[in-house]
Amino acid sequence: MKKLKTVIILLGDIVVLYGALTLTLIIRYGADKFQQPFLDHLKPFSLIFIIWILVFYLSELYNYPRFKDGIVLFKTLSTAVAVNFFISIVLFYLLTPLFQLTPKTNLIIFSFLFMTLNFGWRLIMVKMFIGGFPRIRLLMIGDSITVNEIASCVYSNPQIGYDVVLWLKEEIKTKDIDNLKKSIIENKIDVVVLPPHLLKKDPELTKLVYQLLPLEIEATTSIDFFEMIFSKAPLEEVEESWFIEKITARRHFYDAIKRILDMIFGTILLIILLPVMVITAILIKITSRGAIFYKQSRIGKNDQPFILYKFRTMKINLSGPLWTKENDERLTFVGKILRRTHLDEFPQLYNIIKGDISFVGPRPERKELAEQYGQLSYYEIRHIIKPGLTGWAQINYRPSASIEEAYEKLKYDIYYVKNRSLFLDLQIIFKTIKSLFIKT
């Protein structure tokens, strides 16, 4: 359902992009003379539209929370359109020989028309998602933390298209199985969401779920449903057997391709960014005492320690908590800028080329923190793959400053380990780039 809605919104955006372009040219040149200008604008604007769609994606305009609130939608869309407008200006003037166009007035009219039409289109789709589309009727079984989180999300986000029609919190007894089947049919349930342990210990319930299949009634575990909605693993509910069934430590083709890409792009970026790194090193040296680089032991794949390199951002010979606080007094003036702009991370390109880390993976922790976090259930699973410069937890959750927050980030790390792929890596990189420029 989520993917279908995303595709619908994406196709609508494409139609509105070309529709707004057509209207722009009709306004400028008249309905009887716009054909030739349309052909002249079609190729360059089609290339520009790819950038526009990418910016919409980075702005999370295809995520279901953006379909809930009209004000939030307007702010997000207007910001994305403004960013696209300025990117388009730069591209048209930089690539004038290729595009053979410098459409100042047309671009202004187009952006205004697109903003108006697209906002209207998305408002219509919000109404459709909440009341117009066929809604998926859920039967929830159980009263665990995971089930309660699912129900809370469904109740507060009607735009995702689910309704909790029945919720059985009490333990189901064998004598109630037949009545349960009747209730499922009478209430026209589409999906049954139940804890996985019930299927293992209750053969009668398992038989009922099997009987629902010919009736085109889907059954799924609360773990799988939770993952689908939240894109993280419900660690409160999983058992060791889940890790054995769902997680693999090695994916030979993926690992090989990822290593090759790390070396190629790590080397290219290191060469491109070398002048910036030299200037940064000089500024650090002349503004504060101490070494230019900060070398720290981190825990990597298979719990093996390695030395991570960063530009030094703190004053020397000062003690403090393991976590960096907001407005931390230990930071130097240049260090604050480096932290804010993430320039302090650039030396880690050496770690990527060397093979200590990858571009994407769970962030490597200091040995002291890893020992603290080791008390968390299943924490060691994040170490079965190579750590990364950025990761799924980093783009979905704030930096952890407590054991509780580290546990929440661990849910995202485990989700990444389970679902890692080149496509997911690309998605993480795009969202990381977005986070450097847009704070949410």
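User: Is Thr267 buried, partly exposed or exposed, and why?
Analyst: Thr267 counts as partly exposed, because its relative accessibility is 34%. For reference, buried means under 20% relative accessible area, exposed means over 50%, and partly exposed is in between, with a 1.4 Å probe and protein chains only. Bear in mind that this is a predicted model: local features need pLDDT of at least 70, side-chain atom pairs count only at pLDDT 80 or more, and totals for chains, interfaces and linings use all residues. Residues are numbered from 1 along each chain as its sequence is written, and side-chain values use heavy atoms, with hydrogens and water left out.

User: Where does Thr267 sit?
Analyst: Thr267 is in helix α12, residues 252-287. Helices (H or I, at least four residues) and strands (E, at least two) are DSSP runs, numbered from the N terminus.

User: What does Thr267 touch?
Analyst: Leaving out residues up to four places away in sequence, Thr267 touches Asp262 and Ile353. Contact here means heavy atoms within 4.5 Å. A polar atom of the Thr267 side chain also lies 2.7 Å from the backbone oxygen of Met263.

User: OK, zooming out. How many helices and strands are there?
Analyst: The protein has 18 helices and eight strands. Its C-alpha atoms fill a box of roughly 75 × 75 × 40 Å along the principal axes, and buried residues make up 45% of the 440 residues.

User: What about contacts across the chain, how many join residues at least 24 apart?
Analyst: That's 73% of the contacts between residues at least 6 apart in sequence.

User: Now the sheet with β1 in it. What order do the strands come in?
Analyst: β2-β1-β3-β4, four strands in an open sheet with parallel pairing. The edges are β2 (162-168) and β4 (218-221), each pairing on one side only. On average, neighbouring strands are turned by 25° against each other, direction ignored. Two strands pair if DSSP finds at least two bridges between them.

User: How many bridges join β1 to β2?
Analyst: Six, between β2 and β1, which covers residues 136-141. One example is Leu138 in β1, whose bridge partner in β2 is Val164. Helix α6 (residues 145-156) packs on the sheet and touches both β1 and β2, and its direction makes about 145° with that of β2. Those axes are lines fitted to C-alpha atoms, for helices over the stretch in contact, with angles from 0 to 180 degrees between N-to-C directions.

User: And β3, which way do its side chains point?
Analyst: Val191 and Val193 point one way, Val192 and Leu194 the other, and all are buried. In general, side chains in a regular strand alternate between the two faces of the sheet.

User: What does β3 pair with?
Analyst: β1 over three bridges, and β4 over four. Met140 has Val193 in β3 as its bridge partner, while Val191 stands opposite Glu218 in β4.

User: Switching topic: how many salt bridges does a search of the whole structure find?
Analyst: It finds 15. A salt bridge is a side-chain nitrogen of Lys or Arg within 4 Å of a carboxyl oxygen of Asp or Glu.

User: Which parts of the chain does the Asp344 and Lys310 pair link?
Analyst: Asp344 is in the loop between α13 (333-341) and α14 (348-354), and Lys310 is in strand β6 (residues 305-311), 34 residues apart. Their side chains meet at 3.6 Å, N to O, and both residues are buried.

User: What about Glu405 and Arg398?
Analyst: Their side chains meet in a salt bridge at 3.1 Å, N to O. Glu405 counts as buried because its relative accessibility is 17%, whereas Arg398, at 48%, counts as partly exposed.

Notes
A polar contact is a pair of N or O atoms within 3.5 Å; within protein, one must be able to donate a hydrogen and the other to accept it, and residues adjacent in sequence count only if both atoms are side-chain atoms.
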